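Work through the exercises below with the sequence and the coordinates at hand. Each task is followed by a solution in steps.

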Amino acid sequence: IIHFQGKPRFDSMSDFKQNYGSKSGGNVYVSVAFPLIANPAPQASYITWYGPTGRLTISSTVSQQSAIYKHLVTSSIPVRDPKYFGNYTMKFNGESLVTIIISAEGIYSKYYTLM
């Protein structure tokens, strides 16, 4: 049984990039770093990503930052071909935390969602 003292949430005091430009190809990945506030530390196994191609089977790492309740979730999102461009949502234990946009390099959307 896991006990949470409140669900993890976005750390609005940290820098966070929501729009990414990328090429596509077999070995192309976009590295995303998402700042979270949580106590205790969130387990990486509860983090999932969903994108234009459905649920991604990627792993994320969680590292503690300057305080015991500040964490950085780092994930590498594959961009194998143009159908991978679009919105990606990170969920923790099934609840949406953030949506980012990965666009073809040089094309950035001014629209984004932060949950």
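**Exercise 1. Salt bridges**

How many salt bridges does the count come to? Take a salt bridge as a side-chain nitrogen of Lys or Arg within 4 Å of a carboxyl oxygen of Asp or Glu.

Solution. The model is predicted: local features need pLDDT of at least 70, side-chain atom pairs count only at pLDDT 80 or more, and totals for chains, interfaces and linings use all residues. Residues are numbered from 1 along each chain as its sequence is written, and side-chain values use heavy atoms, with hydrogens and water left out.

Step 1. Side chains of opposite charge can pair when their charged atoms come close. Under the rule, the count is 3 salt bridges.

Step 2. Lys7 and Glu95 form a salt bridge, with N to O at 2.9 Å. Lys7 is in the segment before β1 and Glu95 in strand β9, 88 residues apart. Strands are DSSP runs of E, at least two residues long, and helices are runs of H or I of at least four; both are numbered from the N terminus.

Step 3. Asp11 and Lys70 form a salt bridge, their closest N and O atoms being 3.0 Å apart. Asp11 sits in the loop between β1 and β2 (19–22), Lys70 in strand β7, and 59 residues separate them.

Step 4. Glu105 and Lys23 form a salt bridge at 3.5 Å, N to O. Glu105 lies in the segment after β9 and Lys23 in the loop between β2 and β3, so this pair ties together parts 82 residues apart in sequence.

**Exercise 2. Exposure of the charged pairs**

Are Asp11 and Lys70 buried or exposed? Buried means under 20% relative accessible area, exposed over 50%, and partly exposed in between (1.4 Å probe, protein chains only).

Solution. Step 1. Asp11 and Lys70 are both buried.

Step 2. Lys7 is exposed, at a relative accessible area of 54%, while Glu95 is partly exposed at 41%.

Step 3. Lys23 counts as exposed at 55% relative accessibility, and Glu105 as partly exposed at 47%.

**Exercise 3. The sheet**

In what order do the 4 strands of the open sheet lie? Two strands pair if DSSP finds at least two bridges between them.

Solution. Step 1. The chain has 9 strands and 0 helices.

Step 2. Four of the strands make an open sheet in the order β1-β3-β7-β6, with antiparallel pairing. β1 (9–10) and β6 (60–64) are at the edges with a single partner strand each, so one side of each has no neighbour in the sheet.

Step 3. β1 is joined to β3 by 2 bridges; there, Arg9 has Ile37 of β3 as its bridge partner.

Step 4. Between β3 (residues 29–37) and β7 (residues 70–78) there are 9 bridges. Val30 is partnered with Ile77 of β7, and Val32 with Ser75 of β7.

**Exercise 4. The core**

Which residues touch the most other members of the largest nonpolar core? Such a core is a set of buried Ala, Val, Leu, Ile, Met, Phe, Trp, Tyr and Cys residues joined through side-chain atoms within 4.5 Å.

Solution. Step 1. The core holds 21 residues, and Phe34, Trp49 and Ile100 touch the most other members. Two or more residues each come from β3, β4 (47–51), β7, β8 (86–92) and β9 (95–104).

Step 2. Beyond its neighbours within four places in sequence, Phe34 has contacts (heavy atoms within 4.5 Å) that include Phe10, Phe16, Leu72, Met90 and Val98.

Step 3. Across the chain of 115 residues, 38% are buried.
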